[in-house]
Amino acid sequence: MRQIHLLFLLLFVSMAHVVSAQAGNDGELGMTDLNASDDGVAYVKVTDVSDLQDGDVVIIVNEEAGKAMSKTGTNNRKSVDITISDGSINNLPDDVELVTLEKTAKLWYLKSTSGYLYAKSTNANNLQTSTSTQGNYSKASITISNGTMVVKFQGGSSYRSHLQYNNDNNVFSCYRDDYQDPISLYKKTTSSTPSETVSLTIGSTGYASLYYSDKALRVANGLVAQTYKVIHNRLFISKTYVAGEVIPADMGVVFKGAQGSYQLVVTSETGERDDANLLKGSDVDAMTEGDGLFYKLSTYQGKNIGFYWAAEDGGPFVSKAHKAYLMVPFSVNAKGFVFDETTDIHSVDMVPSADAKATETYNLVGQRVEGTQVTKGIYIVNGRKVVIR
């Protein structure tokens, strides 16, 4: 996997002014809350043909590629990315084809939203649709042998009649036996206990940070999540979690993706930890904690997304609930880390903002405290009561 440098502008701590973390609002960098997904609707893998009944709604999936058959295509069907989470599929993309099974004796009709699927070719790999049934060409047997599902249309021994997935062209079509990759059927079910999800909003920056102490989360389609480490005063991506992978609980990450809202499924899986990760967080608004310099995911003067000091001299600041912040050793001596995926050095004019505001922290007897003087207890930070645990 290509490791992308996150380059920083090195500024000495001896400079008196603070770099302003001008985030605009939480919606710019991402917001989270808890939801129940799809009113309990999920699609569960069919492992026994006897579980199928007339009228069942299924989606056609290739598990290895993480693809489902789409509504798009004439002589075959294009595929669309899906995430399989804890043996089920939630929050389907709009273009996923929903197929209704119609029982006919021991065989099945597969009725899509545009008509009946059928295979009718001896010299081409086709999966076509008709508004009416096409005799045996649209009747299919569904069997499972040694865990592998076979859907075969009944056109005859010379026909290309096995519904399979072509990984080279990312399409679903009909082929000769074992010519392409197998498929699975996932059946629509309704649960009385819907899956718990976390909503994540990516703003115009394309980034959002996230932290949950007690929830492992599965990365949604269209997102990657990254952790960070410092090597020789430079910030690097430490680990990348791609769609379908699990972010462990108590693991701060930064998500990257297109602007929009995403659903992250809470899972019982533990995921793979990154012990080198320097991102931290809290489940409540709280002062940053630790022995080092603290940085907030933000923009500088409305551009140049990265990590910047949010308090004078990189001191502690109040981090919002479920937001991740970066803590690096004092030896790093950098006021900012600028995300840059294209060049080795990203030059930014880091003139301190006139609007920069130092964090003022007082104990309950009115004494101002600084940096390492902040321990567990109740403090007044910029006029707000904050509990440090």
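S141 sits in strand β14, which covers residues 139-145; strands (E, at least two residues) and helices (H or I, at least four residues) are DSSP runs, numbered from the N terminus. This is a predicted model, in which local features need pLDDT of at least 70, side-chain atom pairs count only at pLDDT 80 or more, and totals for chains, interfaces and linings use all residues. Residues are numbered from 1 along each chain as its sequence is written, and side-chain values use heavy atoms, leaving out hydrogens and water.

**Around S141**
- The side chain of S141 makes a polar contact with the side chain of Q154, at 3.4 Å.
- A polar contact is a pair of N or O atoms within 3.5 Å; within protein, one must be able to donate a hydrogen and the other to accept it, and residues adjacent in sequence count only if both atoms are side-chain atoms.
- Not counting residues up to four places away in sequence, S141 touches L107, V150, V151, K152 and Q154; a contact means heavy atoms within 4.5 Å.

**The whole chain**
- The chain comes to 1 helix and 36 strands.
- Of its 389 residues, 47% are buried; buried means under 20% relative accessible area, exposed over 50%, and partly exposed in between (1.4 Å probe, protein chains only).
- Among contacts between residues at least 6 apart in sequence, 69% join residues at least 24 apart.

**Nonpolar cores**
- A nonpolar core is a set of buried Ala, Val, Leu, Ile, Met, Phe, Trp, Tyr and Cys residues joined through side-chain atoms within 4.5 Å.
- The largest one has 23 residues, and I60 and L110 have the most contacts inside it.
- Elements giving two or more residues to this core include β5 (57-62), β11 (107-112) and β14, while β15 gives the most, with 3 residues.
- Leaving out residues up to four places away in sequence, I60 touches several residues, among them L110, L163 and F172.
- Apart from this core lies another, of 20 residues, including Y228, L293, Y295 and W309.

**Aromatic rings**
- A search of the whole structure finds 10 aromatic pairs; rings of Phe, Tyr and Trp (its six-membered ring) pair if their centres lie within 6.5 Å, and planes under 30 degrees apart count as stacked, over 60 as edge-to-face and the rest as tilted.
- Y175 and Y179 form a stacked pair, 6.1 Å centre to centre with 25° between the planes.
- Y175 is buried, with a relative accessible area of 3%, whereas Y179 is exposed at 57% relative accessibility.
- F317 and Y325 make an edge-to-face pair, with ring centres 6.3 Å apart and planes at 75°; both residues are buried.
- Ring pairs also link Y207, Y228, F307 and F339 into a cluster.
- K239 lies over the face of Y241, 5.1 Å from the ring centre; a charge sits over a ring if NZ of Lys or CZ of Arg is within 6 Å of the ring centre and within 35 degrees of the ring normal.

**A loop residue, T74**
- T74 is in the loop between β6 (67-69) and β7 (77-81), and counts as exposed at 65% relative accessibility.
- Its C-alpha atom is 8.6 Å from that of N126, a residue 52 places apart from T74 along the chain.
- Beyond neighbours within four places in sequence, T74 is in contact with L127 and Q128.

**Confidence**
- The mean pLDDT of the chain is 81, and 78% of its residues reach 70 or more; pLDDT is the predictor's confidence in each residue, from 0 to 100.
- Over residues 1-38 the pLDDT is below 50, and over residues 343-357 the pLDDT is below 50 too.
- Where pLDDT is low, the predicted coordinates should not be read in detail.
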